[in-house]
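Let's take a walk through a protein structure together. Have the picture open beside you, and turn it as you read.

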Amino acid sequence: MNTNIRPESMTRITTKELADKFIAEQIEEVRAQVGDKKVLLALSGGVDSSVVAALLIKAIGKQLVCVHVNHGLLRKGEPEEVVRVFKDEMDANLVYVDAIDRFLDKLAGVEDPEAKRKIIGSEFINVFVEEARKLDGVDFLAQGTIYPDILESDGVKAHHNVGGLPEDLKFELVEPVKLLFKDEVRVVGRALGLPETMVERQPFPGPGLGVRCTGAITRDRLEAVRESDAILREEFEKAGFQGKVWQYFTVVPDFKSTGVKDGKRLWDWPVILRAVNTVDAMSATVEEIPYDILFKIRDRILAEVSGVNRVLYDISPKPIATIEWE
């Protein structure tokens with residue numbers, strides 16, 4: 001039997017009761033597979049890896065080693081939340097790696113989007129391998145693979161699957177949610193006690209904010225992306241858009257325009273707001289945001305984010321525009 005095929009008879013997980021049953025079954029399966037060995041997990045803080053981490057903590061406790069790599073391209077507050085939830089609240093065996101300078105130094109002056117992606121991906125593997133080599137008795141690699149990944153990419157999820165590992169690191173895979181759809185993973189996450197902010201986290205590109213700080217990444221412009229994005233998410237949540245709009249974020253492009261403040265000329269960046277709805281990410285429509293909400297977001301960004309003098313709203317659908325800018 002192909003274990004990567006979801007049985008047609010499999011009940012969709014829509015309630016806590018069904019989620020609890022699934023969790024109990026997976027705990028038994030993981031314990032049988034792993035025994036007394038250690039399992040390594042790259043914990044990004046996204047929905048899939050967070051649910052896998054919470055489930056494996058219940059199953060094998062300290063045998064799970066979570067590695068959280070902070071490359072400086074995460075959204076505001078995300079690294080802190082990962083540490084708080086998993087280390088402080090769940091008592092996970094968590095390795096936190098501050099690799100911000102390492103990543104940003106490698107990315108300095110790199111403008112091409114694909115080149116940025118390759119640097120971020122390869123450097124993540126380098127950091128992960130370094131941490132893996134420090135550990136003894138690790139025979140397994142856990143992944144947040146979900147069922148759409150199997151359908152779309154033959155079982156390989158690029159931003160979770162740590163491909164390109166050296167030959168001597170021959171890990172057996174542990175993929176407890178590989179037969180679930182994203183909505184089912186969220187139900188399981190709630191049943192495991194993960195916070196709603198983590199369970200409902202929006203889709204996030206593998207290179208993180210690196211593709212929303214277009215062109216060559218600079219630390220000040222990256223911070224403008226992070227701060228403006230936090231304001232947008234906060235105001236959308238207040239307005240009731242969380243859960244109703246599929247994805248929303250900000251972009252700070254690598255060009256400036258003239259402005260004026262307190263009678264002085266400014267030469268600063270624009271912040272571009274993006275909010276879209278989609279079913280399959282192959283096409284997307286733009287969310288219509290009332291002007292009073294847009295104006296509130298605008299006023300906060302212009303007042304609170306350094307180096308910015310304009311706020312724009314991207315009303316381009318997909319196609320012809322892509323959802324992300326890079």
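A bit of housekeeping before we set off. The model is predicted, so to speak of a local feature here takes a pLDDT of at least 70, side-chain atom pairs count only at pLDDT 80 or more, and totals for chains, interfaces and linings use all residues. Residues are numbered from 1 along each chain as its sequence is written, and side-chain values use heavy atoms, with hydrogens and water left out.

Let's start with the second largest pocket, which has a volume of about 600 Å³. A pocket is found on a 1 Å grid over the protein atoms alone, as an open set of points where a 1.4 Å probe fits, with protein on both sides within 12 Å along at least five of seven lines. Grid points are joined across faces, edges and corners, and the volume is the space filled by probe spheres set on the points. Residues count as lining if they have an atom within 4 Å of a point. This pocket has 22 of them, and Phe 22, Gln 26, Glu 29, Pro 176 and Leu 179 lie nearest its centre.

Which elements supply at least two residues each of that lining? They are helix H1 (16-34) and strand E5 (172-174). Helices (H or I, at least four residues) and strands (E, at least two) are DSSP runs, numbered from the N terminus. H1 gives the most to the lining, with eight residues. By type, the lining divides into 13 nonpolar, four polar and five charged residues. Here Ala, Val, Leu, Ile, Met, Phe, Trp, Tyr, Cys and Pro count as nonpolar, Asp, Glu, Lys and Arg as charged, and the others, Gly among them, as polar.

Next, find Ser 50 in helix H2 (residues 47-60). Is Ser 50 buried or exposed? It's buried, with a relative accessible area of 0%. (Buried means under 20% relative accessible area, exposed over 50%, and partly exposed in between, using a 1.4 Å probe and protein chains only.) Leaving out residues up to four places away in sequence, Ser 50 touches Leu 43, Gly 45, Phe 86, Leu 194 and Met 198, where contact means heavy atoms within 4.5 Å.

Now for the strands. Strand E6 (residues 247-251) is largely enclosed by the rest of the structure, because five of its five residues are buried. Both faces are covered: Gln 247, Phe 249 and Val 251 are buried on one side, and Tyr 248 and Thr 250 on the other.

E6 pairs with strand E8 (residues 264-277) in the antiparallel sense, over five bridges. Two strands pair if DSSP finds at least two bridges between them. Along this pairing, Val 251 has Ile 272 as its bridge partner, while Gln 247 stands opposite Val 276.

E8 has other partners too. Strand E7 (residues 257-261) runs antiparallel to E8 and is joined to it by five bridges, with Thr 258 partnered by Trp 267. The hairpin of E7 and E8 has two residues between the strands, and there Asp 262 takes a positive phi near 55°. Strand E10 (residues 308-313) pairs with E8 in the parallel sense over five bridges, and Leu 273 stands opposite Tyr 313. Strand E9 (residues 285-286) is antiparallel to E8, with two bridges, and Val 286 is the bridge partner of Val 276.

Last stop: charges. Side chains of opposite charge can pair when their charged atoms come close. A salt bridge here is a side-chain nitrogen of Lys or Arg within 4 Å of a carboxyl oxygen of Asp or Glu, and by this rule the count comes to 36.

One of them joins Glu 227 to Lys 76, with the closest N and O atoms 3.0 Å apart. Glu 227 lies in helix H9 (residues 219-238) and Lys 76 in the loop between strand E2 (64-70) and helix H3 (78-89), so the pair ties together parts that are 151 residues apart in sequence. Glu 227 is partly exposed at 23% relative accessible area, and Lys 76 is partly exposed at 43%.

Another salt bridge links Lys 116 and Glu 326, whose closest N and O atoms are 2.8 Å apart. Lys 116 sits in helix H5 and Glu 326 in the segment after E10, so this pair connects parts 210 residues apart in sequence. Both residues are buried.
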